Amino acid sequence: MGDSMKIEDFFQPLADMLTTMTADERIVAINTLKQFLHEQSPFNEEPVDCILWVKADMVAANDYNPNSMAPSEKRLLFTSLDTDGYTQPVVVCKEKGQYIVVDGFHRSLLGKEKKILRTRLKGYLPVTCIRDSQSGKTDRIAATIRHNRARGKHQIMAMSEIVRDLSRLGWKDDKISKELGMDADEVLRLKQLTGLTELFENGAFSEAWTVK
């Protein structure tokens with residue numbers, strides 16, 4: 001490569017190559033280019049640096065998300081996706097040939113359900129993968145809760161079940177508190193909601209829940 005060659009010199013040959021491909025082939029090629037550029041990027045530790053387009057039927061809901069959306073909010077989200085387009089990708093973790101949703105379930109659901117979106121997106125969804133270091137299920141659960149709580153949305157009973165499950169998987173109260181952005185008393189209250197005495201072997205009941 002000569003010193004005079006510029007990055008722009010690659011554009012036209014690349015464009016010529018892409019125009020010979022089908023839409024699906026182009027998407028695969030563009031995803032490959034994005035992943036290559038992501039590897040070279042000074043921001044390759046940031047998931048948003050690489051947004052890929054994947055087949056919608058490869059994106060699956062997780063089995064633990066306590067996030068919910070009121071019908072009015074769901075209608076507004078659809079209006080936003082229809083009018084503004086997808087300005088945020090679905091946050092996922094790749095697992096066994098599928099992309100498991102970490103955040104953005106309703107964005108993915110509407111992209112699958114609404115014909116106008118499904119047609120416009122050619123049956124694809126925009127996704128960004130969380131860091132490999134967070135690919136374990138408990139880490140994914142924690143990432144989902146952080147996303148939800150950052151928006152101020154979570155269901156109390158579902159949250160208590162998640163705290164129960166993390167506790168059973170060996171997470172101590174201080175780790176649950178740190179990873180889910182809770183204070184110690186909130187963790188204790190959520191444990192109390194499950195009604196399982198096994199969760200209190202190393203702790204006392206919160207005075208705020210004492211019945212006199």
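Ser108 is buried, with a relative accessible area of 3%. The model is a predicted one. Ser108 belongs to helix H4, which covers residues 105-113. Which residues does Ser108 touch, leaving aside those up to four places away in sequence? They are Val59, Val90, Val101 and Leu125.

Five strands make up an open sheet with mixed pairing, and their order is S1-S5-S3-S4-S2. Strand S1 (52-55) and strand S2 (59-60) are the edge strands, each of them pairing on one side only. Strands of a sheet pair through backbone hydrogen bonds, and the pairing is either parallel or antiparallel. S2 and strand S4 (residues 98-103) run parallel and are joined by two bridges. In S4, Ile100 stands opposite Ala60. Helix H2, residues 23-40, lies across S1 and strand S5 (124-129). The angle at which helix H2 runs to S1 is about 140 degrees.

The sheet is one part of the whole chain. In total, the secondary structure of the protein chain consists of nine helices and five strands. Read from the N terminus, the order of these elements is α-α-β-β-α-β-β-α-α-β-α-α-α-α. Among the chain's contacts between residues at least 6 apart in sequence, 65% join residues at least 24 apart. The protein chain has 212 residues, and 34% of them are buried.

Next come the charged side chains. Side chains of opposite charge can pair when their charged atoms come close. How many salt bridges does the count come to? The count comes to seven salt bridges. One of them is formed by the side chains of Arg140 and Glu95, at 2.9 Å from N to O. Arg140 lies in helix H6 (residues 137-150) and Glu95 in strand S3 (residues 90-95), so this pair ties together parts that are 45 residues apart in sequence. Are the two partners buried or exposed, or partly exposed? Arg140 has 5% relative accessibility and counts as buried, because buried means under 20%. Glu95 has 31% relative accessibility and counts as partly exposed.

A salt bridge also links the side chains of Arg189 and Asp185, with an N to O distance of 2.8 Å. Arg189 is partly exposed, with a relative accessible area of 34%. Asp185, at 31% relative accessibility, is partly exposed as well. In another salt bridge, the side chains of Arg107 and Asp103 meet at 3.6 Å, N to O. Arg107 and Asp103 are both buried.

Lys96 is found in the loop between S3 and S4. The phi angle of Lys96 is near 50 degrees, a positive value in a residue other than glycine. Lys96 is exposed, with a relative accessible area of 83%. The other lysine, Lys122, is in the loop between helix H5 (115-120) and S5. Phi of Lys122 is near 55 degrees, and this too is a positive value in a residue other than glycine. At 56% relative accessibility, Lys122 counts as exposed, because exposed means over 50%.

The last stop is the surface. The accessible surface of the protein chain comes to about 13300 Å², and carbon and sulfur atoms account for 55% of it. Which residues make the nonpolar surface patch of about 420 Å²? The patch is made by Met5, Ile7, Phe10 and Phe11. Of these residues, Phe10 is located in the segment before helix H1 (11-19). Phe10 has 41% relative accessibility and counts as partly exposed.

Technical notes:
Residues numbered from 1 in each chain as written. Predicted model: local features only at pLDDT ≥ 70, side-chain atom pairs only at ≥ 80, totals over all residues. Heavy atoms only, no water. Salt bridge = Lys/Arg side-chain N within 4 Å of Asp/Glu carboxyl O. Helix = DSSP H or I, 4+ residues; strand = E, 2+ residues; numbered from the N terminus. Buried < 20%, exposed > 50% of the residue type's maximum accessible area, 1.4 Å probe, protein only. Contact = heavy atoms within 4.5 Å. Areas by Shrake-Rupley, 256 points an atom, 1.4 Å probe, with all protein chains shown as cover. Patch = residues over 30% accessible without salt bridge, like charges linked within 9 Å, V, L, I, M, F, W, Y side chains within 5 Å. Pairing = 2+ DSSP bridges. Axes fitted to C-alpha atoms, helices over the stretch in contact; angles between N-to-C directions.
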